[in-house]
Amino acid sequence: MRKKPELLAPAGTMEKLQMALAYGADAAYLGGAQFGLRAFGGNFTNEEIRAAVNLAHGVGKKIYVTVNVFPHNDDLVSLPDYLRFLADVEVDAVLVADLGVFMLAREVAPQLPVHISTQANNVNWRTVRAWQELGAERVVLARELSREEIREIRRHTDVELELFVHGAMCISYSGRCLLSSYFTGRDANRGGCAQSCRWKYALVEESRPGECYSIEEDARGTYIMNSKDLCLLPYLDEVVDSGIDSLKIEGRMKSVHYVASVVKAYRMALDACLTDTSYKVREEWLTELEKVSHRSYTTGFFFGKTTEADQIYGSSSYEQTSDFVGLVRAYDEKTKIAAVEQRNNMKLGQEIEIFQPVGASFRQKLAEMWDTEGQEIAAAPHPQQIIRMRMAQPVEVNSILRRDVPIKKEEQ
């Protein structure tokens, strides 16, 4: 019997947290208004953190808060009170990358569990053991580790290990970026990443300023540092067998649709991996991951060093096969009518898929819609308007309505 790891989801907003928990996450990680590495990720106020903890604990799940900046002296002024606050509201752990922040947390909030962020470059068992001996409860491994290296770390340590299994990959070592600060003055290590690695680059020779040469023979230039997205779902059984305690999905700045779809795909795969003696990856799980906005997928470093095939050179665009068009807010079993919050233009005659937190997905045509006044409508063009529609089958609250689209390129 395989040991059951935690499925850990990103939560950039309260709505994304609700969806992550509804679609099967065991825990979620989020950032406060300060001290996290996603300055533009819809971060939580202190009161929202308190509400998030209450929500998660109410359904037997956990909340981790990122405090993984590399602080300068002025950042230290308010940090002790913030750590005390997180301990008081009983978050399940904080994630830190800086040794000084770690020691401060142990000093001012000794009861607060501490996890070590991937930004601490945890690539060998000596480092992981050192954090364990200092009192860390979990270490998030660097993305640059192979399966064999992970297994060796597991053999030499007893601390919990967390591994990224899905999401965007950064060209900088374990996410410790210097390009953003150099080009834009936005310090990625203090939460302000400008995603400089996704830009198009050309070659300039020092004595010939202004003369740019394409790095490869392509008039568009090349995106030489634009990595494909990580996806280890096809090899989830090998990940679990390597001794990982928590499977982490990247994406606090991703959409509600992304969080729900990726979490459910991994939830289904993980449950099957743990219970099915003849475990086999199902096509439906992989199809689900294609429906959300993503770059082409790669296994990253899991099977060894990456190659040129793990980069995208032609553009920094995303692709997806479905558009998120609505979210079920309520359902009346007697009338079979759902109240739906519009998230994209809908009109009668369109075929939609209803993607549910627990139940199976199904499809139907939009045949009847009404506004909040009970008037029949042929289209729902207004952002987040509430509409009512008859459903072909019972639906769960928080079900996502989406429609098929051709492969879609969406610029950053």
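Glutamate 162 is part of strand 7, which spans residues 160-167. The model described here is predicted. With a relative accessibility of 0%, glutamate 162 is buried, because buried means under 20%. Its side chain makes a polar contact of 2.7 Å with the side chain of arginine 138. Leaving out residues up to four places away in sequence, glutamate 162 touches Leu8, Leu95, His115, Arg138, Val139, Val140, Leu141, Ser246 and Lys248.

Histidine 294 sits in a loop. That loop runs between helix 10 (283-290) and strand 12 (297-298). Histidine 294 is buried as well, with a relative accessible area of 1%. A polar atom of its side chain lies 2.6 Å from the backbone oxygen of valine 292. Neighbours within four places in sequence aside, histidine 294 contacts Asp229, Leu289, Tyr318, Glu319 and Gln320.

| Residue | Partner | Distance |
|---|---|---|
| Glutamate 162, side chain | Arginine 138, side chain | 2.7 Å |

Next comes a helix pair. Helix 3 (residues 79-88) packs against helix 4 (residues 99-108) at an angle of about 60 degrees. Their axes are 10 Å apart. Helix 3 and helix 4 are therefore oblique to each other. Their crossing is right-handed. Helix 3 contributes Leu79, Pro80, Leu83 and Arg84 to the contact, and helix 4 contributes Val101, Leu104, Ala105 and Val108. Of these residues, seven are nonpolar, none is polar and one is charged.

Notes. Residues are numbered from 1 along each chain as its sequence is written. This is a predicted model: local features need pLDDT of at least 70, side-chain atom pairs count only at pLDDT 80 or more; totals for chains, interfaces and linings use all residues. Side-chain values use heavy atoms; hydrogens and water are left out. Helices (H or I, at least four residues) and strands (E, at least two) are DSSP runs, numbered from the N terminus. Buried means under 20% relative accessible area, exposed over 50%, partly exposed in between (1.4 Å probe, protein chains only). A polar contact is a pair of N or O atoms within 3.5 Å; within protein, one must be able to donate a hydrogen and the other to accept it, and residues adjacent in sequence count only if both atoms are side-chain atoms. Contact means heavy atoms within 4.5 Å. Axes are lines fitted to C-alpha atoms, for helices over the stretch in contact, and angles run from 0 to 180 degrees between N-to-C directions. Angles under 35 degrees count as roughly parallel, over 145 as roughly antiparallel, 65 to 115 as roughly perpendicular and the rest as oblique. A crossing is left-handed if the near helix is turned anticlockwise from the far one by less than a right angle, and right-handed if clockwise. Ala, Val, Leu, Ile, Met, Phe, Trp, Tyr, Cys and Pro count as nonpolar, Asp, Glu, Lys and Arg as charged, and the others, Gly among them, as polar.
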